[in-house]
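The sequence and the model are shown first, and the description follows.

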Amino acid sequence: MVRRGVAARALLLAFLVLLAGVGLASESSPQQDDSGTAGEKARHPQFVFDSSTVLIFVVATLTLVVAGLSSRTQTRSEMDRLRQKLSDGEGDRSSEGEEEPAVVVSEKMAVFIVIQATVGLLLMYFLLSKIFFTIVLVFYALIAVQAIWVQSTFLFENVVLKKAGSPRWLEKSVDLPLFGRCQMYQLISLLLGLAVSVTWACVRTWASWAWVLQDISGICVILTILMFLKLPSLRIACILLPLIMMYDVFFVYIQPLIFHNESVMKKVATGGSTHEILPMALILPNLGRPGAFALLGYGDIALPGLLICYAASYDEVHRLKGLLKTYAPIELAGYVLGLAATYAALALDIGGQQGQPALLYLVPATLVPMLVAAHLRGDLKDMMHANLPFLEARGGSAGQGLLLVGEED
């Protein structure tokens, strides 16, 4: 079977193209249904604080909690590997091929993501059709299979197989045509990914429960992105996140004025003439009103999640513990407050678009508290100018001086 690291890197780079063009464009939308005219909806926003709002908060927050915990687990393993390598000199280079690859965001890549997002969104807008939608659908289904496989395998390796008395047959090796040798738990993970993705693709247009499968695959995609795409320092976050926020604001508030009030973002996110919502947002239904739902774009979780995962990694590298010393809880609290601000803006229908650029509220709510807390604790200079040591070592630098900081008790 293809090694998880190589396949996951291909998944990440491929999905970045789609996420940048569409996922960032999937604005947080109020619940919608087919009742009422467009004029009535514009004058009377349909948003109320109900079950769909609660589900959005719970699912988005829990996804980022899991991402933060996974990031700490990854960082702990990477730091142990790096310490072992430094203690042994260069260490055994034969083990390097087994390390999970990480795509480290640089200054140039941060700018490129925004440019790619703009180009991707406009291409989707002008090319969107039933055929093009089908291509996107197939592409997403393949990515979802990979993401579910990666997350299931990670769960098996870090939870199930580490428990005493776990079934040994899960680690039995099997040979598969085309894929080669793999272990049983990897095969189970692959079959689970295929089952969820194929079932969703078949029932998405008529089953009332199809949103569950889309959200499962979406959460796995978000977690996989956060597993393999890393911010090396707070400096990079201060470049990427404000740029993305401005992109989001432009295509929600300013662009409709240029396109005679036709929202490129909304048309792409909702599928345009295909009348199907692109699978780039979590869909949470109002359990009390059939047909009403709320949307939250994958990018509105994944992009602030990059900063939350950086905070979790920083906590692990420096062995920070407790609410008063760690940064990840501050970031999670900021995300919840930012999401609350997004829904307050939806209730007020700011901009009259019946949807909000969630990153306008999420980026300041996560980035500003991080900067303030780091300044007050004396960590700001280190966060701005020093990369996380295991990422720096991956990039070719030893990171030995930084590692000593992480080894302090």
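In this predicted model, the side chains of Arg76 and Glu316 meet in a salt bridge, with 3.3 Å between N and O. This pair links distant parts of the chain, since Arg76 lies in helix α3 and Glu316 in helix α10, 240 residues apart.

**Salt bridges**

The whole structure holds 6 salt bridges. One of them joins Arg81 to Glu78, with the closest N and O atoms 3.1 Å apart. Arg81 and Glu78 are 3 residues apart in helix α3, so about one helical turn separates them. Arg81 has a relative accessibility of 32% and therefore counts as partly exposed. Glu78, at 12%, counts as buried.

Another salt bridge is formed by Asp175 and Arg181, whose closest N and O atoms are 3.3 Å apart. Asp175 is exposed, with a relative accessible area of 54%. Arg181 also counts as exposed, at 53% relative accessibility. Elsewhere, salt bridges that share partners join Arg72, Arg76 and Glu316 into one network. The table sets out the three salt bridges described individually here.

| Residues | Closest N to O distance |
|---|---|
| Arg81 and Glu78 | 3.1 Å |
| Asp175 and Arg181 | 3.3 Å |

**Aromatic side chains**

The structure contains 9 aromatic pairs. Among them is the pair of Phe57 and Tyr343, which is tilted, with 5.7 Å from centre to centre and 40 degrees between the planes. Phe57 belongs to helix α3 (residues 51-87) and Tyr343 to helix α11, so that this pair links parts of the chain 286 residues apart. Phe57 counts as buried because its relative accessibility is 17%. Tyr343 is buried as well, at 4%.

A further pair, Tyr140 and Trp200, is edge-to-face, with 5.5 Å between the centres and 65 degrees between the planes. Here too distant parts of the chain are linked: Tyr140 is in helix α5 (residues 130-160) and Trp200 is in helix α6 (residues 184-203), 60 residues apart. Both Tyr140 and Trp200 are buried. Ring pairs also bring in Tyr298, which forms a cluster with Tyr140 and Trp200.

An aromatic ring also takes part in an arrangement with a charged group. The charged end of Arg377 sits over the ring of Tyr327, at 4.6 Å from the ring centre.

**A buried leucine and its contacts**

Leu223 is found in helix α7, which covers residues 210-228. Its relative accessible area is 11%, and Leu223 is therefore buried. Which residues touch Leu223, leaving aside its neighbours within four places in sequence? The contacts of Leu223 are with Thr63, Val66, Ala67 and Gln151. Leu223 and Leu64 are 159 residues apart in sequence, while their C-alpha atoms are 8.1 Å apart in space.

**A nonpolar surface patch**

On the surface, Val111, Ile115, Val119, Leu123, Phe126 and Leu127 form a nonpolar patch. Together these residues have about 570 Å² of accessible area. Leu123, one of the members, is found in helix α4, which runs over residues 107-127. Because its relative accessibility is 47%, Leu123 counts as partly exposed.

**An arginine with positive phi**

Most residues other than glycine have a negative phi. Arg319 has a phi near 55 degrees, a positive value in a residue other than glycine. Where in the chain is Arg319 placed? Arg319 lies in the loop between α10 (299-317) and α11 (328-348). With a relative accessibility of 39%, Arg319 counts as partly exposed.

Definitions and conventions:
Residues numbered from 1 in each chain as written. Predicted model: local features only at pLDDT ≥ 70, side-chain atom pairs only at ≥ 80, totals over all residues. Heavy atoms only, no water. Patch = residues over 30% accessible without salt bridge, like charges linked within 9 Å, V, L, I, M, F, W, Y side chains within 5 Å. Areas by Shrake-Rupley, 256 points an atom, 1.4 Å probe, with all protein chains shown as cover. Salt bridge = Lys/Arg side-chain N within 4 Å of Asp/Glu carboxyl O. Helix = DSSP H or I, 4+ residues; strand = E, 2+ residues; numbered from the N terminus. Buried < 20%, exposed > 50% of the residue type's maximum accessible area, 1.4 Å probe, protein only. Phe/Tyr/Trp six-rings, centres within 6.5 Å; stacked < 30°, edge-to-face > 60°. Lys NZ or Arg CZ within 6 Å of the ring centre and 35° of its normal. Contact = heavy atoms within 4.5 Å.
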